[in-house]
Amino acid sequence: MSFTLLAVQTLNGLQFGLMLFLVAAGLTLVFGVMDFINLAHGVQYMLGAYLTAVLAPHAGGFFGALALALPLTLALGLVLERIVFRPLYGRGHLDQVLATFGVILIVNEGVKLAFGAAPISVPVPDLLSGSVMLTDGLLFPVYRLAIIGAGLGTGLLLWLVIDGTKFGMLVRAGATNAPMVSALGVDVRRLFTAVTAFGAMLAGFAGAMVTPILSVEPGMGDGVLILAFVVIVVGGVGSIRGAFLAALLIGLVDTLGRSFATDILKLMVSAPTANRVGPALASMAIYVLMAGVLAVRPGGLFPSRSAG
Amino acid sequence: MSKTRRDFLVLGLMLAILAVLPLVGLPGWVITYTARIMAFAICAVALDLVLGYGGMVSLGHAAFLGIGSYAAGILIAEGIEDFFIGLAAGAAAAGLYALATGAIAVRTKGVAFIMITLAFGQMAFFVANALSEYGGSDGLTLWSRATLNGTRALKSDTTLYFVILAALVASLGVVRLVTASPFGAVLRAARNNPERVTALGYDVERVRLWAYVLSAVLCGVAGVLIANLTSFVSPALMAWQRSGEFIVMVILGGAGTVWGALAGAFVVLALEEGLSLATQHWKIAFGALLVAVVLFTRGGIAGLFDRSAR
């Protein structure tokens with residue numbers, strides 16, 4: 001467990017956490033503002049990835065595809081909101097779970113039908129290929145640094161919008177007490193449409209950004225969605241700040257846990273036992289973290305709604 | 001009163017059909033497939049206790065099924081082949097996991113409860129994937145089925161069929177007993193108005209937790225049965241989509257009814273089988289059906305639920 005490896009894995013964890021934040025950010029607002037559970041949010045992440053992968057050869061490479069994928073995922077978010085989500089706002093969570101579960105089945109299978117079940121890989125764009133020497137002996141891929149930069153930049157932008165604009169103020173107010181905001185004459189549904197579509201684009205952006213480092217395949221959004229859920233409950237439903245901190249925490253714990261759990265265990269138990277138990281423990285780490293946070297604070301780190 | 005009697009008549013009829021099914025000379029695969037459906041129906045009946053009567057939307061019930069099947073599978077792989085030991089271990093393991101995770105989940109409600117149960121379900125899934133000693137993501141093929149009092153009676157599909165049917169009847173009985181008891185009354189009351197139930201002096205979280213644990217124990221039993229039926233356990237058994245499928249079964253059958261979950265399990269699994277014969281991409285049709293049912297049934301599925309449950 002050298003320092004270099006630790007530093008590299010910390011950066012990887014940071015990168016993973018920032019991607020999770022992009023997916024969780026829109027979702028936590030949707031939960032917060034409308035008390036609407038959207039299982040189909042992971043689908044947007046997958047569609048962002050697929051659009052980028054499929055368009056890249058025709059749109060002049062990765063950046064052209066990315067530029068097309070963003071408005072397309074935004075539009076898809078609007079369509080989904082209009083057709084499926086809107087009739088479900090006043091309904092119970094059960095209806096929302098069932099309908100959005102249905103959407104997942106349709107889109108996952110539809111993607112398989114359209115592009116095949118085999119994973120698609122996208123080359124790293126030339127501009128961001130190669131590695132940089134961060135310190136002596138610490139090489140890190142430029143592309144992963146770019147993802148970290150994009151994630152931090154988006155986070156900053158989001159903070160500026162949420163904290164500094166009237167739209168952001170309404171979103172925050174909506175997450176705290178939607179009926180009151182509505183009573184004050186704000187069209188909460190339109191606000192929600194904007195948040196949903198914007199959140200869909202953020203998730204699509206995350207999906208597009210990871211195409212050069214992950215394989216693009218049907219169902220790739222499901223795992224990310226569930227991790228985003230963990231981020232949201234740890235951060236507190238409806239809280240952007242909570243989602244940001246929780247996403248970084250979970251990205252780091254998961255990445256570092258997977259790389260070092262076995263080594264750390266070897267200090268305590270025999271090597272074969274550590275090899276056997278380590279991976280299982282590592283995969284439990286973030287859920288145990290979630291359980292720990294919720295045991296102390298049932299509303300998450302930053303509960304945005306006093307009534308829970 | 002007459003409605004309750006009708007409900008029990010329908011249930012009795014369904015169970016009677018299941019009881020004579022192996023005796024009328026159907027091909028073997030029909031018997032094993034029906035046995036499989038019955039095992040999943042146990043989970044649907046168990047989930048109904050939590051979802052229909054308790055109003056808790058658990059999206060992690062497949063984990064309890066998986067934990068039960070892994071407990072049974074690992075025991076058989078380690079040479080402990082007695083059926084009842086496996087059954088006890090599967091039920092206990094699922095129950096303990098539900099006790100630990102449920103203690104955290106029942107403190108939350110609404111959207112958070114759904115996300116937390118889903119997350120804990122996923123945790124079990126990933127741990128099973130990491131169990132390299134027991135097949136990892138490939139799963140574990142069992143050398144043989146469990147022994148019943150030292151005999152190989154369960155080698156016969158028909159015998160195992162009747163064991164699963166007995167377990168299904170027992171599960172229905174347990175859920176019926178519980179929901180008809182004072183505990184069940186408190187559970188139902190807490191679904192409708194937790195504040196008032198708390199004001200009456202009941203510990204709502206505790207009532208919910210025990211319902212959750214009992215439900216998980218029944219799913220654990222189903223897992224043991226599935227492991228024996230297929231002689232195979234794998235993480236796929238506890239994929240989160242299966243938890244969604246259980247919810248679909250309960251809701252399509254009518255949550256909080258006597259026989260709804262059982263009917264729902266049969267309808268959903270038969271539908272899936274039928275659609276998959278028609279097209280490889282049957283999930284599109286199934287998903288579309290789900291969305292359509294929710295959007296276009298008057299008052300949504302909750303409306304059906306209201307009419308049948310209360």
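The largest nonpolar core holds 213 residues in this predicted model. V230(A), V231(A) and A41(B) make the most contacts inside this core. Beyond its neighbours within four places in sequence, V231(A) touches L20(A), A24(A), A243(A), A246(A), A247(A) and I250(A).

Helix 3 of chain A spans residues 62–85. Its buried residues include F62(A), L66(A), T73(A), E81(A) and F85(A). They pack against helix 2 (41–55), helix 4 (93–115) and helix 7 (188–210) of chain A. Helix 12 (282–296) of chain B is also a partner of these buried residues.

Next, the contact between the chains. In chain A, 38 residues are in contact with 40 residues of chain B. Helix 4, helix 8 (220–235) and helix 10 (271–296) of chain A each give two or more residues to the side that touches chain B. Helix 4 of chain A supplies the largest share, 14 residues. By class, that side of chain A divides as follows.

| Class | Residues on the side of chain A that touches chain B |
|---|---|
| Nonpolar | 28 residues |
| Polar | five residues |

Within chain B, helix 10 (residues 240–253) packs on helix 11 (residues 260–278). The angle is about 120 degrees, and the axes lie 7 Å apart. The two helices of chain B are therefore oblique to each other. Their crossing is right-handed. Helix 10 of chain B contributes E245(B), V248(B), M249(B), V250(B), L252(B) and G253(B) to the contact. From helix 11 of chain B, the contact residues include G260(B), L262(B), G264(B) and V268(B). The contact comprises 10 nonpolar residues, three polar and one charged.

Definitions and conventions: Residues are numbered from 1 along each chain as its sequence is written. Chains are lettered from A and ligands numbered from 1 in the order in which they are written. This is a predicted model: local features need pLDDT of at least 70, side-chain atom pairs count only at pLDDT 80 or more; totals for chains, interfaces and linings use all residues. A residue is buried if 20 or more other C-beta atoms lie within 10 Å of its own, exposed if 12 or fewer, and partly exposed in between; C-beta atoms are placed from the backbone. Helices (H or I, at least four residues) and strands (E, at least two) are DSSP runs, numbered from the N terminus. Two residues are in contact if their C-beta atoms, placed from the backbone, lie within 7 Å. A nonpolar core is a set of buried Ala, Val, Leu, Ile, Met, Phe, Trp, Tyr and Cys residues joined through C-beta atoms within 7 Å. Axes are lines fitted to C-alpha atoms, for helices over the stretch in contact, and angles run from 0 to 180 degrees between N-to-C directions. Angles under 35 degrees count as roughly parallel, over 145 as roughly antiparallel, 65 to 115 as roughly perpendicular and the rest as oblique. A crossing is left-handed if the near helix is turned anticlockwise from the far one by less than a right angle, and right-handed if clockwise. Ala, Val, Leu, Ile, Met, Phe, Trp, Tyr, Cys and Pro count as nonpolar, Asp, Glu, Lys and Arg as charged, and the others, Gly among them, as polar.
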